[in-house]
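The sequence and structure come first, and the description follows.

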Amino acid sequence: MPLHVSRPEGHTTAAPLMAPGPPDHVLVSRSIESPRFFRELVERHEAKMRRYVVRHSGLPVELVDDVLQDAFLRAYVGLASFDRTLKFENWLYRIVRNVLVDSFRKNKQHRRETPIEEMIETPGVHLCALCSGADTGSVLEHRERLGQALEALYDLDEPYREVAVLRFLEDKEYAEISDILMKPVGTIGSLVNRARKLIVNRLSESALPLDVPEQTQGRRRVKP
Amino acid sequence: MTKEHQKNGAPLSDRVMQEIERRSLAPVPRWRVLGHGALQWAVITLLGLAAGLSFGLLWVHVLDLYWTDVATSRSLFDGRHFLQTLLLWGFLCGLCLFALHRLYRRTRRGYRASLWALVLWVSLALGLVSWLGFQFAPLESLEQELGEAVPWYPSWDDAKGHFWQTPDEGRITGHLVRWSTATQFVLVDGKGGQWLVDASEAVFRPRHHWLNPSSDVSPGTRLRVRGEMVLRPLDDGEGVFRASTVYPWASGSGRHRRHSPAGNGHGRHDNMRGGKEN
């Protein structure tokens, strides 16, 4: 899964060690005035959005590019409607997710093409927590559990899978998921807990022993 | 487009910028975003008002209805007609609330509100709007005019007139013409029949609104009278009716005040409770 693309000569991008540029909301304001500032926003968020599209949909690379391009163009046109109380990144997540939903509506026969093994390399913290049963487990066992958890996650029904990807793979907080999916935080909490329970049940059926910590963020626990 | 880009191998940011340039895209102007938001809230407000008024009318009608009388009425028309009106306003109220909810959820922060908080706030708003509509705006006149303007509308006022014009079942309605004595008055019903109403043992509802009926209930006031028919009016003669309870025609306080110079506007609840008594 190529996460990096080659840059043309002389073209600079924001590298991790370089001084961070202006904050997103400043760039948004500038981009409304002049489109050249939008390039920086695209470069800043491209990798994360690309990863999200792959994790959410498993689309092949060429389609991922299409989705991202469409999403960034939509974001550019709708810059004035950006709510500054939100994180720009979460607003982008929302647009990308809407583009994906539209794309699935158009092409209902879409099938996952990205192998799950690729995603094990960069699992979310919460997914690791879900699979980190005993400390005594070997790395291989841990990877195997991760693979099973990911399979269980992608077997979930759409509403659960959607929140599970954001929570367990993208490590988003409930409030952030609420902003992305435009659903109340309480609903998100219920969906996440239900998804967690389903994944845990699936993992429990496997031979590997598990000791799964329940993370409820202060919300009511789902009865097992 | 995709294949071409793949051939070029250009980074995403370049392709996005090229597309912006090629399609001459520009951000939607701020005023349009603000206008859209304002329009959204205007529609939400209108829907809220419509839901409040529908709920108010529904509430007035429910309070106005004498359920035991309707249940014992010999005419099937009454019950069916009342039910149609109630269902219509209930349906309209529900429809407005549904649309309101859907639209509110699409506002910038609307999705964040929990359903219970929404239910609480909408209930309070509905109660307030319907109370204001009942207290200050002539809800029943509005309904009456609607009945005249829309032919298929099952007007509550018509059904109510029909329902109360049943002397055989102990109900008459009409305008007070004059007081014959301190306890008897002449009433002309909707069909032109004259009634001498003996109110010597009658209770006037609301009681503290009409402390001294012979002076407080002025000629021209439309009344509903419950009691017993003693003599049916003949061709040009007067019928006689012994009243047990006398109510104003409308339960809305706005109209109540208009008909009664001595009105203090506090009689509504008494009137509603009084409706259940004999």
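## Helix packing and the A–B interface

In this predicted model, α1(A) and α2(A) pack at an angle of about 145 degrees, and their axes lie 8 Å apart. The crossing of α1(A) and α2(A) is left-handed. On the α1(A) side, A:D24, A:L27, A:V28, A:R30 and A:S31 take part, and they meet A:F37, A:F38, A:E40, A:L41, A:R44 and A:H45 of α2(A). By class, the residues in this contact of α1(A) with α2(A) are five nonpolar, two polar and four charged.

Next comes the interface between the chains. Chain A puts 37 residues in contact with 29 residues of chain B. About 2700 Å² is buried between chain A and chain B, with 60% of it on carbon and sulfur atoms. On the chain A side, the residues that lose the most area to chain B are A:Q69, A:L73 and A:A80, which together account for 22% of what that side buries.

Polar interactions also cross the interface. Between chain A and chain B there are ten residue pairs in polar contact, with both residues at pLDDT 80 or more. The elements of chain A that give two or more residues to the side touching chain B are α1 (24–33), α2 (36–57), α3 (61–77) and α9 (174–181). Of these, α3(A) gives the largest share, nine residues. The side of chain A that touches chain B holds 17 nonpolar, seven polar and 13 charged residues.

Salt bridges occur both across this interface and elsewhere. The whole structure has 25 salt bridges over all chains, and four salt bridges are found across the interface of chain A and chain B. Two examples are set out below.

| Salt bridge | N to O distance |
|---|---|
| A:D179 and B:R112 | 3.2 Å |
| A:R51 and A:E170 | 3.2 Å |

The bridge of A:D179 with B:R112 joins side chains of the two chains. The salt bridge of A:R51 with A:E170 lies within chain A. This pair links distant parts of the chain: A:R51 is in helix α2 of chain A, while A:E170 is in the loop between α8 (158–169) and α9 of chain A, 119 residues apart.

Definitions and conventions. Residues are numbered from 1 along each chain as its sequence is written. Chains are lettered from A and ligands numbered from 1 in the order in which they are written. This is a predicted model: local features need pLDDT of at least 70, side-chain atom pairs count only at pLDDT 80 or more; totals for chains, interfaces and linings use all residues. Side-chain values use heavy atoms; hydrogens and water are left out. Contact means heavy atoms within 4.5 Å. Buried area is the accessible area (1.4 Å probe) that two parts lose on being put together, summed over both. A polar contact is a pair of N or O atoms within 3.5 Å; within protein, one must be able to donate a hydrogen and the other to accept it, and residues adjacent in sequence count only if both atoms are side-chain atoms. Helices (H or I, at least four residues) and strands (E, at least two) are DSSP runs, numbered from the N terminus. Ala, Val, Leu, Ile, Met, Phe, Trp, Tyr, Cys and Pro count as nonpolar, Asp, Glu, Lys and Arg as charged, and the others, Gly among them, as polar. Axes are lines fitted to C-alpha atoms, for helices over the stretch in contact, and angles run from 0 to 180 degrees between N-to-C directions. A crossing is left-handed if the near helix is turned anticlockwise from the far one by less than a right angle, and right-handed if clockwise.
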